Amino acid sequence: MQKKTRGAPPPRSYLKLPKELAPPKPKAARTTDSASPDAPNQSSDNQQAIGTETDTLADSATASIDQNSNLSETASEQTPPSTQQAAPTQTVATKTPQIQPGGIARIQLAAFLTQTGQPLQRGMNWRIFEEKKDDKGRMPMIHNSDGGALELDLKPGRYIVYAGYGYANLTKRIILPKAGDYSESFILQAGGLRLAAVAAGDIRLDGSLLRFNIYTKPNADGSQQLIAPNIQSNQVVKLTEGTYHIVSSYGDANAKVRGDVEVQAGDLVTVTMIHNAAKVTLRLVSEPGGEALANTVWTVLTPGGDLVKRAIGAFPTLALAAGDYTAIAKQGEEIYNRDFAVDAGLNRDIEVLAIKAQ
């Protein structure tokens, strides 16, 4: 089931998702590392239902993200001072004219989420490089600042301008042939993605154990690139428009789900992933309900004998995918075990009795 808010078009292809998170309140306004998604551990690491809510980032002339997000305002009721001035008399040169030294070339830089959006007023990172490389073969960076629209005085010349907005970015080569006023716009075609997860039945999960990795879609050879690692629950990630592969991990054992989500330019999409998982706390006791024994070495196995997790301590807490397991507790030279089951959303203690078999 899809949910649209404030007239935003729904994502084109989604499965049913619970409406766990409310969209942000409407009020005023890639560099990647190569990696492959975590390999599946059990049947729980299959593509699961994903819930989405789409919130438009531009509402008329004013739009913003809620206080808990990092997505910057895309506009405000007042246009930034730099954009209130008279339009520059020249535009950045697109050809390769002769550079006329002397004087000041004043350039106005503005970034937009979409072609028809308002200029971003914060959240941008601007980096200006001289095109001419130094004796080490590097382009010297002459300006680095954060904020919204930028007005900068430069010498006439050739420059490389980087406009970064979270994980969305755009780089342009600009030429300022002579003294005067210039302007350049950067259309980022970017949107926002906010991730969360629940257990089956809309049961709330421990957010401190949730992490999300965002990957590109697989290439023809099946390879993928890691775009954004270790994203926390409810964190807003700014991305270039496109389809991404999400891996949600609950804890560091085998509770993982994955799915694809589409980010649309100008929209904030809230995605809720569904885990068939729960937390269990392991305790080695000498009698039911007794004190947990310290310095216990734990091993958790599947019924087939595959290793799921190792832990050390009196009462380690693990997030596990729903299913059947065997807990093996080693105390000194003694070894004890117990079979147990994990039900989605049902957190509980698992006691292993330190009693020798007769």
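Author: A polar contact is a pair of N or O atoms within 3.5 Å. Keep that cut-off handy, since this is a predicted model.

Reader: What makes the side chains of Ser-248 and His-275 a polar contact?

Author: The two side chains come to 2.7 Å. The cut-off is 3.5 Å, so a pair at that distance falls within it.

Reader: Why is Ser-248 called buried?

Author: Its relative accessible area is 0%. Buried means under 20%, so Ser-248 qualifies. For context, Ser-248 sits in strand S16 (residues 242-250).

Reader: Which residues does Ser-248 touch, leaving out those up to four places away in sequence?

Author: Among them are Ala-197, Leu-210, Phe-212, Val-257 and Met-273. His-275, the polar partner, is on that list too.

Reader: Okay, over to S20. How do you know that S20 and S21 pair?

Author: DSSP has to find at least two bridges between two strands. S20 and S21 (residues 307-312) have 5, in the antiparallel sense, so they count as paired.

Reader: What makes S20 and S23 a pair?

Author: Same test: at least two bridges are needed, and S20 and S23 (residues 323-331) have 5, again antiparallel. Here Thr-299 has Ile-328 as its bridge partner in S23.

Reader: And why is S20 described as mostly covered?

Author: In S20 (residues 297-301), 4 of its 5 residues are buried, and buried means under 20% relative accessible area. Over the 358 residues of the protein chain, 48% count as buried.

Technical notes. Residues are numbered from 1 along each chain as its sequence is written. This is a predicted model: local features need pLDDT of at least 70, side-chain atom pairs count only at pLDDT 80 or more; totals for chains, interfaces and linings use all residues. Side-chain values use heavy atoms; hydrogens and water are left out. Buried means under 20% relative accessible area, exposed over 50%, partly exposed in between (1.4 Å probe, protein chains only). Helices (H or I, at least four residues) and strands (E, at least two) are DSSP runs, numbered from the N terminus. A polar contact is a pair of N or O atoms within 3.5 Å; within protein, one must be able to donate a hydrogen and the other to accept it, and residues adjacent in sequence count only if both atoms are side-chain atoms. Contact means heavy atoms within 4.5 Å.
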